[in-house]
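Subject: A structure to look through

Dear colleague,

I am passing on a structure for you to look through, and my notes on it follow below.

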Amino acid sequence: MPGYGGGVPANPQAPAFNKGFRGTIKDFPGADPLRDVEVLRKAMKGFGTDENAIIELLGNRSNKQRVPMVTAYKTTYGKDLINDLKSELTGNFENLVIAMMKKPAHYDAYELREAIKGAGTDEACLIEILSSRSNAEILEINQIYKGNRDERETVDISLAKQDAQKLYTAGENKVGTDESQFNAILCARSKPHLRAVFQEYQHMSGREIEKSICREMSGNLEDGMVAVVRCIKNTPAYFAERLYNAMTGAGTKDRTLIRIMVSRSEVDMLDIRQEYLKKYGKSLYTHISVSSTSHAVMTITVSVIFSFLHTMYIFLCFSG
């Protein structure tokens, strides 16, 4: 699509991705932050705000192309872009746009602070972020959590069997549970190694490790351990489940929906889409379309799932 305006293509196709890239938002060729902020400024000037222009622009820029807009806006107009966006937008659409303008580590740090602020703690948010980010990503989050996980890709099967035995001995094979042993292994071993441990554990005990955790633990500790295991076993499936839970039950949890769509858009959203369809029998696009409380939030969120023009083509077809 053209970088600064344009129509829906006659024959839209799914975008081509580089081998190994599993996100759905990538760098837009020739993007210029100085031109981009002109589009944003125009969208916010005068009576009302052109939300569609904001959606079209931000939905087609990667994070490293969006973040420089803040400086470019200040340089060009002498004003703070974030403050202007906050003054022009409201509700979940404002939350989504502001989230997209933050660096990943800054956004994660903000969400962690919000999760532990005030009455009660959003344990699910803490678990989601800390169990899915790499050491380097965690260390970037202003030292909120010190990353110490082994990140080697090689797996020593003999060590995996030893760790599986330790977990079995610490849980199913004793009265009470040695929670420190679970912490030591689940929080320090590499993800490939832990996948092997989980397989060995099932061979040894005849039970999946999640089921053992549910039998041996309770409350937030149980929730945290199960989330870590599920995230390590299959990260896209874990986020597919988080998205599904955010859109079912009483009301849509828009904050969770926004956080996952923004944080995974350049990581593994293609895989999350596939897992969602496989597990729930419906596309993520369809579920978000009928669940989101805001048309603007829905539109820009599905633009994260696909590319903007492909999404809009589908959206126009559905809306007749």
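**The largest pocket and the helices around it**

The largest share of the lining of the largest pocket comes from H8, which gives six residues. Please bear in mind throughout that this is a predicted model. The space in the largest pocket is about 1,200 Å³, and of the 50 residues that line this pocket, Ser 131, Ser 132, Arg 133, Ser 134 and Glu 137 are the closest to its centre. Several elements give two or more residues to the lining, among them helix H8 (123-132), helix H9 (135-140) and helix H14 (219-233). By residue class, the lining of the largest pocket divides into 17 nonpolar, 15 polar and 18 charged residues.

**H14 and its two neighbours**

How do H8 and H14 pack against each other, and at what angle? Their axes are 9 Å apart and the angle is about 35 degrees, and the crossing of H8 and H14 is right-handed. On the H8 side the contact is made by Glu 123, Ile 127, Ser 131 and Ser 132, while H14 brings Asn 220, Asp 223, Gly 224, Ala 227, Val 228 and Cys 231. Four of the residues in this contact of H8 with H14 are nonpolar, four are polar and two are charged. H11 passes H14 in a left-handed crossing. In this contact, Glu 179, Phe 182, Asn 183 and Leu 186 of H11 meet Leu 221, Met 225, Val 228, Val 229 and Ile 232 of H14, and the residues divide into seven nonpolar, one polar and one charged.

**H1 and H5**

The axes of helix H1 (residues 33-44) and helix H5 (residues 81-88) come within 11 Å and cross at roughly 30 degrees, and these two helices are therefore roughly parallel to each other. Their crossing is left-handed. Leu 40, Arg 41 and Met 44 of H1 make the contact with Leu 81, Asp 84, Leu 85 and Glu 88 of H5.

With best wishes

Key
Residues are numbered from 1 along each chain as its sequence is written. This is a predicted model: local features need pLDDT of at least 70, side-chain atom pairs count only at pLDDT 80 or more; totals for chains, interfaces and linings use all residues. Side-chain values use heavy atoms; hydrogens and water are left out. Axes are lines fitted to C-alpha atoms, for helices over the stretch in contact, and angles run from 0 to 180 degrees between N-to-C directions. Helices (H or I, at least four residues) and strands (E, at least two) are DSSP runs, numbered from the N terminus. Angles under 35 degrees count as roughly parallel, over 145 as roughly antiparallel, 65 to 115 as roughly perpendicular and the rest as oblique. A crossing is left-handed if the near helix is turned anticlockwise from the far one by less than a right angle, and right-handed if clockwise. Contact means heavy atoms within 4.5 Å. On a 1 Å grid over the protein atoms alone, a cavity is a set of points where a 1.4 Å probe fits but cannot get out, and a pocket is an open set with protein on both sides within 12 Å along at least five of seven lines; lining residues have an atom within 4 Å of a point. Grid points are joined across faces, edges and corners, and a volume is the space filled by probe spheres set on the points. Ala, Val, Leu, Ile, Met, Phe, Trp, Tyr, Cys and Pro count as nonpolar, Asp, Glu, Lys and Arg as charged, and the others, Gly among them, as polar.
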